[in-house]
Amino acid sequence: MTTSSHAPLRAVSLREQARNAIRTSIVMGEIAPGRVESVVKVAAELGVSITPVREAVMDLANLGIVEVIRNKGFRVPQLTDQDLDEIFKIRTMLEVPAMREAAEKFGDRDPEPFRLLAEDIISAAKSGDVRAFLESDRLFHKALLETLGNRRLVNTVEQLRDQARMQGLQKLADHGDLTESAVEHLEILEAITAHDGERAAALMNKHLAHSRGIWADRPESSGS
C-alpha cells in the first residue's frame with residue numbers, strides 16, 4: 001500500500017472504512033501476496049490509530065482474505081490457479097442461477113437505482129478509475145443479489161469476490177479496455193428487468209468467465 005492510494009479516513013466507522021480500504025488494496029494487487037504488512041504502517045497511511053486497523057485485519061482474517069502474523073502484522077496468502085478456478089466455479093454455481101431467479105422475481109421494482117450503479121461502473125471504466133470501478137461493481141452485484149432476500153447468499157458471494165485478486169484490472173484500465181466489461185452490467189440489468197431469466201443467466205456466466213481471466217491477468221477476449 002502507498003500513502004498516495006488513500007485519503008485520510010473520517011472519524012466514523014473507522015473499522016469498516018479500514019477494512020474496505022485494505023480489502024480494495026488487496027483485490028487490486030497493491031498489497032503483494034506473501035509480503036508481511038505492518039499494521040502500524042497501514043494505520044499511518046490511512047491516517048488512523050492502530051486499533052481500527054488491527055480490528056479490520058482480524059475481520060479479514062476471519063473471512064480467509066489475510067493471514068495474521070503474530071507480532072509482525074498480516075500477509076495476503078498466495079493464490080494458485082486452482083484456488084482461482086475453485087472461486088470461479090463456486091461463484092458460477094451461485095450467481096448464474098441467482099440472476100435467473102432475480103429476473104423471475106424482479107416484478108415492478110424500480111430499476112433506476114440499479115441503472116445508476118451500472119452507469120457509475122461505465123463512467124469509472126471510461127475514466128480508468130479502478131477503485132471507483134470496483135466499488136460500483138461490488139454495489140451493483142450485491143444489490144441484485146439482495147433482491148432475492150437471501151442474506152447468506154449475499155455474504156458468501158461477497159467473501160468469494162474478496163478472495164480473488166483482479167491482477168489484470170489496472171492493466172486493462174491503463175489501456176482503456178474496461179468499457180466493454182462495464183457495459184455488460186447494463187445488459188444483465190436489461191435482461192433482468194425484461195424478466196428474461198435465461199438471458200440473464202447466460203450473460204452472468206459470460207461476465208464471470210471474463211472475470212476469471214482478469215483474476216489471472218489473462219483477460220478473455222469478450223465479457224467481464
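Buried means under 20% relative accessible area, exposed over 50%, partly exposed in between (1.4 Å probe, protein chains only). Helices (H or I, at least four residues) and strands (E, at least two) are DSSP runs, numbered from the N terminus.

The model is predicted: local features need pLDDT of at least 70, side-chain atom pairs count only at pLDDT 80 or more, and totals for chains, interfaces and linings use all residues. Residues are numbered from 1 along each chain as its sequence is written, and side-chain values use heavy atoms, with hydrogens and water left out.

At the start of H2, I noted a side-chain oxygen of Ser-38 within 3.2 Å of the backbone nitrogen of Val-40. Just after H2, Gly-47 has a positive phi of about 75 degrees.

Next, aromatics. I searched the whole structure and got 1 aromatic pair (ring centres within 6.5 Å; planes under 30 degrees apart stacked, over 60 edge-to-face, the rest tilted). The ring centres of Phe-106 and Phe-114 lie 5.5 Å apart with planes at 65 degrees, so the pair is edge-to-face. Phe-106 is buried at 3% relative accessible area; Phe-114 is buried at 8%.

Key:
A polar contact is a pair of N or O atoms within 3.5 Å; within protein, one must be able to donate a hydrogen and the other to accept it, and residues adjacent in sequence count only if both atoms are side-chain atoms. Rings of Phe, Tyr and Trp (its six-membered ring) pair if their centres lie within 6.5 Å; planes under 30 degrees apart count as stacked, over 60 as edge-to-face and the rest as tilted.
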